[in-house]
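Hi everyone, thanks for coming. Let me put a structure on the screen, and then I'll walk you through a few places in it.

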Amino acid sequence: MEKESPLYNYMPYLDENGLMRLGERLEFCYLSIDEKHPLILPKNSWLTTKYLAKPIDQLTSPLPSDRINQTPAFSVCGLDFARPLYVRNFGELQKSYIVLFTCGVTRALHLELVSDDY
């Protein structure tokens with residue numbers, strides 16, 4: 001496929017039946033071939049004349065399997081700390097932090113208050 005082609009960024013390929021399909025974006029997903037690699041229809045097909053859509057021009061990489069396959073919440077997560085807060089604990093100010101746990105699957109957040117003590 002030529003780089004000047006408007007289909008180049010879709011990483012198309014010909015399947016075993018000679019049909020052009022969308023490339024590798026969902027290659028790590030547990031979906032069927034038809035769901036992972038939809039057909040690319042000809043410009044003059046009766047199916048493509050019904051909608052006026054703007055094609056994308058961004059080259060995309062495959063999504064990691066933990067982002068597209070069903071997994072329990074927070075099985076993949078990231079964490080970060082917010083700036084320090086001062087919490088009154090039995091009349092004393094205690095330096096504390098908020099820990100943000102972000103679920104990589106659902107994008108849910110879990111917040112915890114942690115003290116500065118080790």
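I'll start with how to read the model, then go through salt bridges, some backbone angles, a hairpin, and a couple of side chains.

First, the ground rules. This is a predicted model, so local features need pLDDT of at least 70 and side-chain atom pairs count only at pLDDT 80 or more, while totals for chains, interfaces and linings use all residues. Residues are numbered from 1 along each chain as its sequence is written, and side-chain values use heavy atoms, with hydrogens and water left out.

Let's begin with charges. How many salt bridges does the structure hold? There are 2, where a salt bridge is a side-chain nitrogen of Lys or Arg within 4 Å of a carboxyl oxygen of Asp or Glu. One pairs Arg 21 with Asp 15, and their closest N and O atoms are 2.8 Å apart. The other pairs Asp 34 with Arg 21, with 2.9 Å between the closest N and O atoms. Asp 34 sits in helix α1 (residues 33–36) and Arg 21 in strand β2 (residues 20–21), so this pair ties together parts that are 13 residues apart in sequence. Through shared partners, Asp 15, Arg 21 and Asp 34 are joined into one network. A quick word on those element names: helices (H or I, at least four residues) and strands (E, at least two) are DSSP runs, numbered from the N terminus.

Are these residues buried or exposed? Both Arg 21 and Asp 15 are buried; the relative accessible area of Arg 21 is 8%. Asp 34, on the other hand, is exposed at 52%. The cut-offs are under 20% relative accessible area for buried, over 50% for exposed, and partly exposed in between, using a 1.4 Å probe and protein chains only.

Now for the backbone. Most residues other than glycine have a negative phi. With that in mind, look at Met 11, where phi is near 50°, a positive value. Met 11 lies in the segment before β1 (13–14) and is partly exposed, at 30%. Phe 90 also has a positive phi, about 50°, although it is not a glycine. You'll find Phe 90 in the loop between β4 (85–89) and β5 (92–103), and it counts as exposed at 82% relative accessibility.

β5 and β6 form a hairpin with 5 residues between them, and Arg 107 in the turn has a positive phi of about 65°.

Next, Leu 26, in the loop between β2 and α1. Which residues does Leu 26 touch? Leaving out residues up to four places away in sequence, Leu 26 touches Glu 35, Lys 36, Leu 63 and Ile 68, with contact meaning heavy atoms within 4.5 Å. Leu 26 is partly exposed, at 21%. From Leu 26 to Asp 15 is 11 residues in sequence and 16 Å in space, C-alpha to C-alpha.

One last stop is Trp 46, in the loop between α1 and α2 (65–68). Trp 46 is exposed, with a relative accessible area of 58%. That's the tour, and I'm happy to take questions.

Note on methods. Two strands pair if DSSP finds at least two bridges between them.
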